[in-house]
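Here is a short report on one model.

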Amino acid sequence: MPEISQPAPDFKLPVTGGGEISLSDLRGKAVVLYFYPRDDTPGCTKEAVGFSEHLEAFADAGAVVFGVSRDTMAKHDRFAAKHTLTVPLLADIDGAVTEAYGVWVEKNMYGKKSMGIERATYLIDASGNIARIWRKVKVAGHVEEVLDAVRAL
């Protein structure tokens, strides 16, 4: 799992709207990567809508934002269309990125153990180093907290 001040693991993933995004291509900008368990669930929807509503403020602060889950591009496209999302979503279908960032974890829900994505956010500075990490994110107030951290970079 990467830590603060370390280089963020590079990746190249498909993005909603078409094409691919590579972290190394984003050098010179702050990058917010928020990892979420699954498209179209209540918490994930609230988080995606929140980042979408604040996307312009993030851009004004010099940052780009991407949501990452292991859902397919087809699911991402339906999710984005259904909720009029403007935040770009990345499809980590094989799980390499969620593993590299240490968010693919064992979960325990109602006594049943399974593997899944832990809701987490990484703030990566313009040099490609991790500036801040939020683990086990609670959705309420999170987008605003991340925006404040971006503005403080």
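T84 counts as exposed, at 64% relative accessibility. Exposed means over 50% relative accessible area, buried under 20%, and partly exposed in between (1.4 Å probe, protein chains only). T84 is found in the loop between α3 and β5. Its phi is near 50°, a positive value in a residue other than glycine. Helices (H or I, at least four residues) and strands (E, at least two) are DSSP runs, numbered from the N terminus.

D40 also has a positive phi, of about 65°, although D40 is not a glycine. D40 lies in the loop between β3 and α1. With a relative accessible area of 36%, D40 is partly exposed.

## Basis of the model

This is a predicted model: local features need pLDDT of at least 70, side-chain atom pairs count only at pLDDT 80 or more, and totals for chains, interfaces and linings use all residues. Residues are numbered from 1 along each chain as its sequence is written, and side-chain values use heavy atoms, with hydrogens and water left out.

## Nonpolar cores

The largest nonpolar core has 24 residues, of which V32, Y34, F51 and F58 touch the most other members. A nonpolar core is a set of buried Ala, Val, Leu, Ile, Met, Phe, Trp, Tyr and Cys residues joined through side-chain atoms within 4.5 Å. Two or more residues come from each of β3 (30-35), α1 (42-53), α2 (55-60), β4 (63-69), α3 (73-83) and α5 (142-152). The largest share, five residues, comes from α5.

What does F51 touch, leaving aside its neighbours within four places in sequence? F51 is in contact (heavy atoms within 4.5 Å) with V32, Y34, F58, V65, V87, H142, V143 and V146. Another core, of 21 residues, lies apart from this one; F35, F66, V103 and I130 are among its members.

## Parallel strands

Six of the seven residues of β4 are buried. On pairing, the rule is that DSSP finds at least two bridges between two strands. β3 and β4 pair in the parallel sense over six bridges. V32 stands opposite V65 in β4.

β4 also runs parallel to β5 (residues 89-91), joined by three bridges. Here S69 stands opposite A91 in β5.

## Hairpin and pocket

β6 and β7 run antiparallel, joined by six bridges. W104 has I117 in β7 as its bridge partner. The two strands form a hairpin with two residues between them, and Y110 in the turn has a positive phi of about 55°.

The largest pocket has a volume of about 400 Å³. Of its 13 lining residues, P37, R38, K107, M109 and S114 are the closest to its centre. β6 (104-109) and β7 (112-117) are the elements that give two or more residues to the lining. β7 gives the most, with five.

A pocket is an open set of points on a 1 Å grid over the protein atoms alone, where a 1.4 Å probe fits, with protein on both sides within 12 Å along at least five of seven lines; lining residues have an atom within 4 Å of a point. The volume is the space filled by probe spheres set on the points.

A126 lies in the loop between β8 (120-124) and β9 (130-134). A126 is partly exposed, with a relative accessible area of 35%. A126 and K29 are 97 residues apart along the chain, yet their C-alpha atoms are separated by 4.4 Å. Leaving aside neighbours within four places in sequence, A126 is in contact with R27, G28, K29 and A30.
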